Structure formats: structure tokens, C-alpha cells
Amino acid sequence: MLTKAKPAPAGEVLENVSHPMERFLRADRLPHIWCSGCGLGTVLSCFTYALDDLGLTDADVGVVSGIGCTGRAAGYLNLDSYHTTHGRAIPFATGLAVARPDKKVVVISGDGDLFAIGGNHFIHAARRNVDMTVICVNNFNYGMTGGQVGPTTPIGSRATTAPYGNYENPFNLPYLAASSGAVYVARWTSLHARRLKEAMIEAITMPGFTFVEAVCPCPTNYGRRNRLGEGLDELKYYAEKSVIKHGADPADADLLPGNDVLVGRFIQKERPTFLQAYEHQILDKQHFVKPQAMQNQNHVRLSGATATDGKAAS
Amino acid sequence: MAERILAGTHFLNGDEACAEGALAAGCDLFAGYPITPQSEIAERISRRLPQVGGVFIQMEDEISSIAATLGGAWGGKKAMTATSGPGFSLMMENLGLGMMTETPCVLINIQRGGPSTGLPTLVAQGDMMQARWGSHGDYGVVALVPSSPQEAFELTVRAFNLSEMLRMPILVMADEVVGHMFERVVIDPESIEIVERKAPNKPPGEFLLYEPGEDLVPQGMPALGDGYRVHVTGLTHDERGYPVLNEETQGKLIPRLRNKITHNIEAIVDVEETEIDDAEIVIVTYGISARSSLGALRLAREKGLKVGMLRLRTVWPFPADVLQEKADRVAGFVVPELNLGQIVLEVERAVCGRAAVKSVPHAGGEIHDPGTILAAIEEVFAHAH
């Protein structure tokens, strides 16, 4: 298996080259549907490297997606993967996580899926602290359906259903996650590939409802309509505007056009998960026997873990 | 620790009996949302599941309730949700996901008056066609309809068994009166048959998630973490489970979702016959309406009218063969139901003009007066003679 290739001249097709994390990918489903310049490939790649660093195998982790461009992520991962209906990835994952507390459940979906049609599910899963990691690819619009305005579209940005510019206030996702009860909240962009991977490792390792926002370019729809140039130009914008501030107040993490993009690990604060609370407050007090799977709770093998010590971020 | 199967004789309402039936069948996960007249199912099972190693989770709405139920099933559990009225409408989207992904689980609808908020505390059977056609697209449906708390128990067990046998969500279409009436429920563990989930028929690498067996049902279902690396999608998919969005794949998958029911229909259909042998008029009914109908049948027999009854414990798939077989031997069918005439349309299609078919509609809020059903019977007799 060749893992390194020199950049090919335009038009040349590379032969015998495979992705170093191919074992986590369904190679028979490639090429993927995502556009050139989209950040989704980077995010998916970061996720596979995170699994590799954690020493997780296909027996340890399941991925749930909703609908949309990011919703297709589940289909490219060679893991137990569940491509649900629009907005319902989190409640599906809730059932999965409660049924198999000995496994890691990760939701990978987009901003429209998770925060418009699925917004209610997000806040309640965070409130319950169901043991799952939610990775939101935020590209500020509905890409799959052609670039409509969404719940994270910045004020003034254009979209096919905001032809004169968006005038609705967007969600600040880290603030929403933190105030709903997420125990881990981080934001990076697809430019910050290593940091994003580390955030995924921390989020997956930490018990409870953990949230990683990955800000991504969508050159085909969002970028083009807002004259942001190619995907690479959006990455340059992130490079110029990103300000890393661990432990920052998520209330200050609004994304406003032209302003700094606040990134970092904002929240890292443990509290009992849904099943831990159930175990301690119900099963133990009532002297009920624990279900078999719960006896293995949070004992997923994390051999290569480089991640969190569980202390609050400084 | 309390027993999973509550052996003995109990005084339960239909909702509570549904909860006990679920436990007896092996349900380990219930995800639901409060709504009248279903709430007693959630209340009972929230008390009982922790006693037997299961998990109850009250979700934020009915959409998430059924989504979590599907997720629980793919986590390897027997899972159930229950609802009423508007909650049933909200569940239609993920009922479709369950049908498309062939996910075994149970959905109980304790029917109340509709449309919209309608009659939250009062009975109807107005969701019978919604049960058949409520989610978009084509698929097959199995719906069981209990007429008593005893049957609420038994048919909930059966719903779990059929869900494993056919690899699909099974509907229990009870109603407010059956849900809220208290009666004797006898639970005999010896008489309860349990169907367990089929394990995959091949090892990882060889196993195809949606390769049907001779019974047209996929052959086994791995849970999360079993090493099969399944891909489960609501998109049209091939036997690997991979999305393939074309006419050929659609033409293979979607008919099978219906045909797996028709192919196994003899193992599914469950119709109770009462005084059918000499009957000239046959009442065709289900659920609580069968109990009003039994009163009408007795009144008619007292008058010397030869009346029998077919009680549909499975409304879907509709047992058309059972009616067709009788259509040439009887003068007519009378179909009382607590809606403006839904299942009577199926009766008309099955009978196909070979006998009279009379609807006895009722908008709901109360059950039929047996006298109303008797009047309909007499009317059919008058036309027949």
C-alpha cells in the first residue's frame, strides 16, 4: 500500500494510492460526493486519525448521521454506520448509546440537520448528558439542497432563500451547546486539522455529551454566493481571522462576517452521564440489578489515548 | 427484584397490559413521550423496566421517541414506543425509516378522537388508514388490534415476535376504551412463546445486511459493535445496505418490503370467528367495536336472525381471503368502526359486489350502541329478503 504520492499534474489519475486511514473507510464507496474545496473530507480524515490515535477499532465505535452533505459521512466510514432521517441522528444515537453503553457513539452531521430540524433533540441530549460525541460540520448553509439559508448563516450573507441577505440572528453553536449542558465544547476550522483531531480525541474520550464544531468552507454554495472565492481562499480567511482561546466564554464565540473566528476548547467539565445518573440514583438506591451492558460502561478500549485528564480547561 | 414475566391473575387496564406484554416479550428499552390516553403504558413501564435490567427514557417528543426506539433496536435491544393521536402523526417519518431499514420494534397507538387534538380522553378508531399509509412511499404494514386488556398483553407479545420474524416495526392499534378499561389479565409464562432476534447467517465479510432469505426477510441482524460494520440507511439501498439511487434497486427493494408480508400472510393473519357457520349476515369489526358488535350479535340471535362475527385481530395485512371465502355464502357484511368508514373500504374491495356491505360509522367519543349495529343488521336483512 502506497501512502505517499507526489502531487499529480493536472489531469493525471493517480494509480495504486490509498488513504493511510483506509481501514476506516469504505473504499468501495469512493469517490465521495463532496465538492472540490469542501471541508468535509478534512473533517472525515481528522476523525479517522482520531480513531487511529485512540486505538479504536470497528468493534468499538458507531457513527450516526442525519441528512445533508455531512449526513453522507456515515456512509463512507467502515464502521457500524447509521444514516437516519433529517434531524434525527441524535435521538437515534440516544437509543444506540443507551442500548450499548460499552461502545462509543459519534454523531457527525451538519448545521441545518443538527440545529434547525434537529435543534430540540440536540438541547435535550445535552441536558440529559447522553454519552455521545456530536461533531457538527458548520458550513453556514444547506449545501445538499442548493445553498439555502440556515440556522447558522451570518446576518447579511446571501443564500438561495435569502437573496437579499440573511436578516435572522444565527445560533452561536458553542454557546448553545454549553448552555444546554454539554460537558465538552470545542470549535476549530477545517484549517486546524491537527487541533480538530485532538478535539475529537478529547471529546470521544470524555464520558457524556461532547460537542465539536468544525467550521468548514462550502465554496460551491455558500462561498460562491458570498464572493469568498475558492475553498482555499476560505481557509486563508480562517488563517487570518482565527484566534485560539482555550477556556473562552462561549457567549463570546459569535461568528460575525469580518470579525475574528474564536476557536479552542471552551468547556471541559465532567458531570454524571445519563446512564451513570440512572445507575447511581435509581438502580443502586432501589437495589436493582444492573443490565449486563452497563457493567461495561465506559470501558471501551482507549489504548492509544492521548486525551483528556478530565480537568477543566484553563 | 421483580419478575420480568408477571405470572398470575391481575386486574389491569389495557395500557398496563401492553407494558407487561412488552416486558414478557423481552423489551429492554422504551422511549416515549406523555400523551393521553397512552401515558399509563409509559408510567407502568418506567416503573417496571428498571426492575428487570431495562432502560426507560422519556424523550422530548414523539419524533425522538421512535428514533431512539430504532436506535435501541440497532443496539441489539428489543425496543418499543407508544403514543396516541397527534403523537402517532409525528411518528410517521421515523416509522418509514424503520420500514426502510427493516428494524424490528413495536409501536403502540392507543387511538383517541381526531383529527388534530380532537378528543384527547375519548375513544376512536380513526387512525386505521393512517396506520396503513401514514408514512410517505410504499411499504407493507402489520397492525394488531386488541379488544381487551388480556389481548393487549397477548398481542403486544405477538407484535414483538412478528417484528423479529419479519424484521420490521409492528403496530398495535388499540383504542382509548381498551387502553383504559380494567379487566382480569391472566399471565401464564408457560403459554408465552418468545421469538428472539436472528443472528447473522454468515460471518463478517460474507454477510449481506439486506440479503433476503426464502421468506423474503433479511437473514439476521447484527448489533452495534458485533464486527459486521453495517451501513444502515433510509436511502434506497442494495443488499449490502449501500445507497444505490436508481430504478433497478428501488424496483427490487420496495416490492420486497410489501411482499415479505404477503409471502408470510398465513403466519400473520389472525381472525376470530363467532357463530359464523349458519350466519347470513357477518359483522366484520375489530378492537373495542367488536365488543359492541357482540352485544348486537346476541340481540340479533334473540330475534332469530342468523348473524355471525369476524373479529380482525390483524387488520393489516387485511385478511381479504377470509372475507372472499365467505362472500358467496352470506347476504351481507356489516362493518361497525369508530371512524367514518375506513376498514369498510377494504371489506368492499374484498367482497367485490358479491354481497351487501354496510358501514356503521361513528365519529368517536363513545363506543357504538349495540342497538345501532342491530338496526344496520336488520336493514341488510330487509334488503336481502
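Domain bounds here come from an automatic or database domain assignment. On that basis chain B is divided into domain 1 (8-191) and domain 2 (270-384). This is a predicted model, in which local features need pLDDT of at least 70 and side-chain atom pairs count only at pLDDT 80 or more, while totals for chains, interfaces and linings use all residues. Residues are numbered from 1 along each chain as its sequence is written, with chains lettered from A in the order in which they are written.

**Domains of chain B**
- The C-alpha centres of domain 1 and domain 2 of chain B lie 26 Å apart.
- In contact (C-beta atoms, placed from the backbone, within 7 Å) are 25 residues of domain 1 of chain B and 21 residues of domain 2 of chain B.
- On the side of domain 1 of chain B that touches domain 2 of chain B, α6(B) has the largest share, four residues; helices (H or I, at least four residues) and strands (E, at least two) are DSSP runs, numbered from the N terminus.

**Contact between chains**
- Chain B contributes 41 residues to the contact and chain A 35 residues.
- With nine residues, α3(B) gives the most to the side of chain B that touches chain A.
- Strand β2 (residues 80-83) of chain A and β10(B) run parallel, joined by three bridges; strands pair if DSSP finds at least two bridges between them.
- A:Ser81 stands opposite B:His231 in β10(B).

**Helix α9(B)**
- The 17 residues of α9 (residues 247-263) of chain B should span 24 Å at 1.5 Å a residue, and the end C-alpha atoms are 23 Å apart, which agrees; the expected span is 1.5 Å times one less than the number of residues.
- α9(B) bends by about 35 degrees at B:Leu257, the bend being the angle between axes fitted to the seven residues ending there and the seven starting there.

Definitions and conventions:
Contact = placed C-beta atoms within 7 Å.
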